Amino acid sequence: MRIKDKVALVTGGGRGIGRAICLRLADEGAKIAVVDILEAEAEQTVAELKAKGSQALAVKTDVTQLDQVRACVQKVTDTWGQIDILVNNAGWDKIEPFIESAPETWDKVIAINLKGPISFCHAVIPQMMKRNAGKIITISSDAGRVGSTGEAVYSGCKAGLIGFSKTLARELARSKINVNVVCPGPTDTPMLKQATSGDKGARIIEAMTRAVPFRRLCQPEEIANAVAFFASPDTDFVTGQVLSVSGGLTMTG
Ligand SMILES: NC(=O)c1ccc[n+]([C@@H]2O[C@H](COP(=O)([O-])OP(=O)(O)OC[C@H]3O[C@@H](n4cnc5c(N)ncnc54)[C@H](O)[C@@H]3O)[C@@H](O)[C@H]2O)c1
């Protein structure tokens, strides 16, 4: 247990990759704040965590609303005294050609995927700076590194998270706060199932799988392994780094 009694706040912890991250960090000994806009899903993850003997708290929050983000951080801090690990995981996308996309969709994609992590970082960092300690891990995407057809604005947000995190890593190193990024490739989650639910769904999954050198989808637990690595003391001297967990899909230098 390398992060025993640390407090981890995981956005989008109700399902998919976020749920796996919650379970994994709890296995490492952390107390987990499961933050999600879907209350029932967040409560379900909390029930699973408590069944394993972990301390857990569900906080219904819309990451696009700064007042809710601040209230969430306050609630977790009031409950457990501090937040040691912030995992920005909540995300959303609508796959379609950019030219057919509506401005309302751009706003939603930017609000959830880019502004959400910015808001959480702004709300959590001051207390980490006071303690001269903290780990921030943000879930971007291989789409943010190399682009992805049908995901133009989403890819822009995910690329933005990389630049944002590298800058925070530089600014916060003097406060001994580590900021790193994990980029999943296609991962077997409700988001992927929804995005590939139409007639062409099976063909899209097949094409995605073929593009991965390991020839399979990623499992949520494999992303959680990378997050646990960045949350642990093993990476105390690692900051501003971007780790793809995608079976070799991208190998950019
Ligand atoms: N699944 C993939 O193939 C894949 C690939 C690359 C990156 N990612 C990224 O991984 C992360 C997790 O994705 P996933 O596949 O588990 O998705 P998912 O849809 O299965 O889970 C996302 C979670 O985020 C929550 N969420 C969405 N909008 C929110 C909001 N406004 N406020 C609070 N919570 C909100 C959802 O309720 C859900 O519980 C996302 O950032 C996603 O962009 C996923």
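**Exercise 1. The ligand shell**

Which of the 29 residues around the ligand come nearest?

Solution. Gly12, Gly16, Gly91, Thr189 and Met191 come nearest among the 29 residues around the ligand. A residue is near a molecule if its C-beta atom, placed from the backbone, lies within 6 Å of it. Next, take the elements: helix H1 (16–27) and helix H7 (190–195) give two or more residues to the shell. Helices (H or I, at least four residues) and strands (E, at least two) are DSSP runs, numbered from the N terminus. Last, sort by class: the shell has 13 nonpolar, 12 polar and four charged residues. Ala, Val, Leu, Ile, Met, Phe, Trp, Tyr, Cys and Pro count as nonpolar, Asp, Glu, Lys and Arg as charged, and the others, Gly among them, as polar.

This is a predicted model: local features need pLDDT of at least 70, side-chain atom pairs count only at pLDDT 80 or more, and totals for chains, interfaces and linings use all residues. Residue numbers start from 1 along each chain as its sequence is written.

**Exercise 2. The nonpolar core**

Which members of the largest nonpolar core touch the most other members?

Solution. Start from the rule: a nonpolar core is a set of buried Ala, Val, Leu, Ile, Met, Phe, Trp, Tyr and Cys residues joined through C-beta atoms within 7 Å. A residue is buried if 20 or more other C-beta atoms, placed from the backbone, lie within 10 Å of its own, exposed if 12 or fewer, and partly exposed in between. The largest core has 66 residues, and Ala8, Val10, Leu25, Ile32, Val34 and Val227 touch the most other members. H4 gives the most to this core, nine residues. Now zoom in on Ala8. Beyond four places in sequence, Ala8 touches Leu25, Ala30, Ile32, Asp84, Ile85, Val87 and Ala231. Contact requires C-beta atoms, placed from the backbone, within 7 Å.

**Exercise 3. H3 against H4**

At roughly what angle do the axes of H3 and H4 cross?

Solution. The axes of helix H3 (residues 66–80) and H4 cross at roughly 35 degrees and come within 9 Å. Axes are lines fitted to C-alpha atoms, for helices over the stretch in contact, and angles run from 0 to 180 degrees between N-to-C directions. Then list the partners. H3 brings Leu66, Val69, Arg70, Val73 and Thr77, and H4 brings Ser119, Phe120, Ala123, Val124 and Gln127. By class, the contact has six nonpolar, three polar and one charged residue.

**Exercise 4. Positive phi**

Where do Asn132 and Lys176 lie?

Solution. Asn132 sits in the loop between helix H4 (103–131) and strand E5 (134–139). Its phi is positive, about 55 degrees, although Asn132 is not a glycine. Asn132 counts as exposed because it has 10 C-beta neighbours inside 10 Å. Lys176 sits in the loop between helix H6 (152–172) and strand E6 (177–184). Lys176, also not a glycine, has a positive phi of about 60 degrees. With 14 other C-beta atoms within 10 Å, Lys176 is partly exposed.

Key: Contact = placed C-beta atoms within 7 Å.
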